[in-house]
Amino acid sequence: MTAGAEGWVVGVDSGGSGLRIALARASDGRAVETVTSREPVRTGPGGIEAAHLLAQLLPAVEALRARAGAGPVVALAVGAAGMATLGEELRAVLPGALDQALGVRRLALAADAVTAYAGALGQRPGAVVAGGTGLIALGTDLTTWRRADGWGHLLGDCGGGAWIGRAGLEAAMRAYDGRRGGSAALLARAEARFGPAAGLPGALYPRTDRPAVLASFAPDVAGCASDGDPEASGILRQAARHVAEAAAAVCPAPGAYEVALTGGLFKLGEPLLVPLRAELAEQLPDARQASAAGDPLSGALALATALATDSLRLPVEPKLLHVTA
């Protein structure tokens, strides 16, 4: 055990729904307490705003340490949505700021897909698909990362919650128009959720949270599929195909690698999981479907613990996993 393993570590999960911060002993990485802020970290002209993150993070860490009677924080890991493309300010500011405020010199700044991977599979080679409103797949052979999708609801995120919801609403509008491929069941659910179908474009297009609104209809699609609606079932079969394609694109190489699924998308249940298991078996016949061990916050703690104990094995790449040690 290294000297750093005698201290404490902090994991941070920053996303569209807010900020989660956990404190753990470096010796085992198990959270002793977690705090949550429902205020998402702002994004400005320079990307994710370091000052806004620090304004929430530093008081929370001090409060956690005080309640736990914790000693020094020897390593900290932040997983943030948008880190790969919007993390320049964080990478420039956080190392110095956290060193000055907390004395932390071992720091990992990771894309949320990386913390999702670390939470699901730890530091083993394989592939992880993280699905929620959007969808991204990440794989590694512990030498380099491979990424697929995660391009947002206009360019990709195929098979994610927004994709499923949009496809379901399209089938509803087809039924409203009397076109082929429509679903009366999805139309009824859409009007129950959003109001008259003719007003849906005006209610949806101006929304700044449009992906989340689209994704809110995904459970209705799953519900209609459970009730036997053929159009809803077809949408989920296509979503399953997209998810499996993303996993296949990032699997390190043909072989007995593990593939894990993580995120709220897969809580849609059997209407999605049954065709997904079949697609994974067809597209990745040699891979083993593994249960995700933890979530992105536990993944952030795992990264911080690995830094503290000099045991980091996941690939360090500037935009996906940036390490200061």
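Modeller: A crossing is left-handed when the near helix is turned anticlockwise from the far one by less than a right angle, and right-handed when it is turned clockwise. This is a predicted model: local features need pLDDT of at least 70, side-chain atom pairs count only at pLDDT 80 or more, and totals for chains, interfaces and linings use all residues. Numbering starts from 1 along each chain as its sequence is written, and side-chain values use heavy atoms, leaving out hydrogens and water.

Colleague: At what angle do helix 9 and helix 10 pack?

Modeller: The general idea first. Two packed helices are described by the angle between their axes and by the distance between those axes. Axes are lines fitted to C-alpha atoms, for helices over the stretch in contact; angles between N-to-C directions run from 0 to 180 degrees. Helices (H or I, at least four residues) and strands (E, at least two) are DSSP runs numbered from the N terminus. Now the case. Helix 9 (residues 218-226) packs on helix 10 at about 120°, and the axes are 7 Å apart. The pair is therefore oblique. Under 35 degrees would be roughly parallel, over 145 roughly antiparallel, 65 to 115 roughly perpendicular, and the rest is oblique. The crossing of helix 9 and helix 10 is left-handed.

Colleague: Which residues of helix 9 and helix 10 make the contact?

Modeller: Helix 9 brings Val 221, Ala 222, Cys 224 and Ala 225; helix 10 brings Ala 232, Ser 233, Ile 235 and Leu 236. Contact means heavy atoms within 4.5 Å. By class, seven of these residues are nonpolar, one is polar and none is charged. Nonpolar covers Ala, Val, Leu, Ile, Met, Phe, Trp, Tyr, Cys and Pro; charged covers Asp, Glu, Lys and Arg; the others, Gly among them, are polar.

Colleague: How far apart are the axes of helix 1 and helix 3?

Modeller: They lie 11 Å apart, at an angle of about 30°. The contact holds 14 nonpolar, three charged and no polar residues.

Colleague: Now the sheet. In what order do the five strands come?

Modeller: Strands of a sheet pair through backbone hydrogen bonds, parallel or antiparallel. Two strands count as paired if DSSP finds at least two bridges between them. Here the order is 10-9-8-11-12, in an open sheet with mixed pairing. Strand 10 (145-149) and strand 12 (288-291) are at the edges with a single partner each, so one side of each has no neighbour in the sheet. On average, neighbouring strands are turned by 20° against each other, direction ignored.

Colleague: How many bridges join strand 8 to strand 9?

Modeller: Six, and the strands run antiparallel. Val 129 has Ala 137 of strand 9 as its bridge partner. Helix 4 (residues 112-121) packs on the sheet and touches strands 8, 9, 10, 11 and 12; its direction makes about 120° with that of strand 8. Helix 10 (residues 230-250) also packs on the sheet, touching strands 8, 9, 10 and 11, and its direction makes about 25° with that of strand 9. A hairpin with three residues links strand 8 to strand 9.

Colleague: How many bridges join strand 9 to strand 10?

Modeller: Five, again in an antiparallel pair. Ile 136 has Asp 149 in strand 10 as its bridge partner. The hairpin between strand 9 and strand 10 has four residues; in its turn, Leu 142 has a positive phi of about 75°.

Colleague: Which way do the residues of strand 9 point?

Modeller: In a regular strand, side chains alternate between the two faces of the sheet. In strand 9, Leu 135, Ala 137 and Gly 139 point one way, and Ile 136, Leu 138 and Thr 140 the other. Six of its six residues are buried. Buried means under 20% relative accessible area, exposed over 50%, and partly exposed in between (1.4 Å probe, protein chains only).

Colleague: Is Asp 157 buried or exposed?

Modeller: Buried, because its relative accessibility is 11%. Most residues other than glycine have a negative phi. Asp 157 has a positive phi, near 55°. Its place is the loop between strand 10 and helix 5 (161-177). Leu 155 lies in the loop between strand 10 and helix 5, and is exposed at 73%.

Colleague: What is the phi of Asp 310?

Modeller: Near 55°, a positive value. Asp 310 sits in the loop between helix 12 (296-308) and strand 13 (321-324). With a relative accessible area of 53%, Asp 310 is exposed.
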